[in-house]
Amino acid sequence: METNLSQLILAQALDQRLVVLARRLASLPLELIEREASFASLQAEVDEVDAERKASLARANDLENQVRTREARIAKLEKIAIESSDPSSAQVARHEAEGHRAANSDNQEEELELLERADTLAAKREILAAKVIEMEADLIAFRKNVEQDGVGLKVESEEILLQRNAFVSTVPSPITQAFEVLSAKHPGKAVVPLKGDSCGGCGSRLVPNDRLRVQAAKGLIRCPGCSRILVTMEMWAKASETV
Ligand SMILES: [Zn+2]
């Protein structure tokens, strides 16, 4: 019985490694998804900057057209002011021209601000675009790594599983059946040592008679609380050493 239990301890040590490998395998795509999301958000930022820059230039162009139209109107009004024989008509024309000049001055100021903003955005876009290129290269490399790591982890898991099953295969089937049911419930923790008078898995106390049975190691003794297979601390330490 002692040999059987030792084999199970060895098998579950490999189960623990399998749990770690499975966790690593599961985390690989998560990190990739995170990186892909950051990349997409950077690309979106470039598009946003681009859109704002184009809108600024379009608005500046629109203002420039309005200024030109008013300048033509101002030239006409000045002509009227000079050539008109009616002083009041000349006065009205001058007044209207002044209003257009004020509007043009405001528009030109706004246009200048818009052009400066467009320049700033163009510089920002250039920096972001360089980052996109860099990040894309990183992402491609990372994707490849994830793929390779995934394959590596799978191969490693398969090898460990073979070793694990080899340990279990030497144990009679009634014992392995109990072990497999427990392993599914508590991966890598189906067999636990007796700690003092309590189960090393759930802490349930054992009656003296059960403790003696664990110490004798003549049969499969299970915890009354969690059903795990119990072994002595000595056997546990000895088997764990060889893992
Ligand atoms: Zn227990």
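In the hairpin of β1 and β2, two residues stand between the strands, and G196 takes a positive phi near 65 degrees. Strands here are DSSP runs of E with at least two residues, helices are runs of H or I with at least four residues, and both are numbered from the N terminus. The model is predicted: local features need pLDDT of at least 70, side-chain atom pairs count only at pLDDT 80 or more, and totals for chains, interfaces and linings use all residues. Residues are numbered from 1 along each chain as its sequence is written, and side-chain values use heavy atoms, with hydrogens and water left out.

**The sheet**

The strands β1 and β2 pair in the antiparallel sense over two bridges. Two strands count as paired if DSSP finds at least two bridges between them. L194 has C199 in β2 as its bridge partner. On the other pairing, β1 and β3 run parallel and are joined by three bridges. There, V192 stands opposite L230 in β3.

Together the three strands form an open sheet with the order β2-β1-β3 and mixed pairing. The strands β2 (198-199) and β3 (229-231) stand at the edges with a single partner strand each, so one side of each has no neighbour in the sheet. Strand β1 is largely enclosed by the rest of the structure, because four of its five residues are buried. Buried means under 20% relative accessible area, exposed means over 50%, and partly exposed lies in between, using a 1.4 Å probe and protein chains only. In a regular strand the side chains alternate between the two faces of the sheet.

**The zinc site**

C199 is also one of the protein donors of the zinc ion; the donors are C199 (SG), C202 (SG), C223 (SG) and C226 (SG), at 2.2 to 2.3 Å from the ion. Donors are N, O and S atoms within 2.8 Å of the metal (3.2 Å for Na, K and Ca), and sites may look incomplete since water is not among the atoms. Along the chain the donors follow the spacing C-x2-C-x20-C-x2-C.

The angles among the four donor atoms are 102 to 113 degrees, and the site is tetrahedral. For four donors, that term requires all angles to lie between 85 and 135 degrees. Both C223 and C226 are buried.

H186 lies in the loop between α3 (173-185) and β1 (191-195). Leaving aside neighbours within four places in sequence, H186 is in contact with C226 and R228. Contact means heavy atoms within 4.5 Å. With a relative accessible area of 16%, H186 is buried.

Most residues other than glycine have a negative phi, and most peptide bonds are trans. A217 has a positive phi near 50 degrees although it is a residue other than glycine. S227, not a glycine either, has a positive phi of about 70 degrees. A217 is placed in the loop between α4 (208-216) and β3, and S227 lies in the loop between α4 and β3. A217 counts as buried at 8% relative accessibility, whereas S227 is partly exposed with a relative accessible area of 32%.

**The helices and domains**

The domain assignment, which is automatic or from a database, gives domain 1 (19-169) and domain 2 (190-241). Their C-alpha centres lie 66 Å apart.

L21 lies in helix α1 and is buried, with a relative accessible area of 4%. Not counting residues up to four places away in sequence, L21 touches L153, E156, S157 and I160.

E78 is found in helix α1 (residues 2-83). E78 counts as partly exposed at 37% relative accessibility. Its side chain makes a polar contact of 2.3 Å with the side chain of R101. A polar contact is a pair of N or O atoms within 3.5 Å; within protein, one must be able to donate a hydrogen and the other to accept it, and residues adjacent in sequence count only if both atoms are side-chain atoms.

N145 is found in helix α2 (residues 87-169) and counts as partly exposed at 40% relative accessibility.

| Residue pair | Apart along the chain | C-alpha to C-alpha |
|---|---|---|
| L21 and E156 | 135 residues | 8.2 Å |
| E78 and E98 | 20 residues | 9.9 Å |
| N145 and T69 | 76 residues | 61 Å |

How values were computed: Four donors count as tetrahedral if all angles lie between 85 and 135 degrees; four count as square planar and six as octahedral if opposite donors are over 155 degrees apart and all others between 65 and 115; anything else is irregular.
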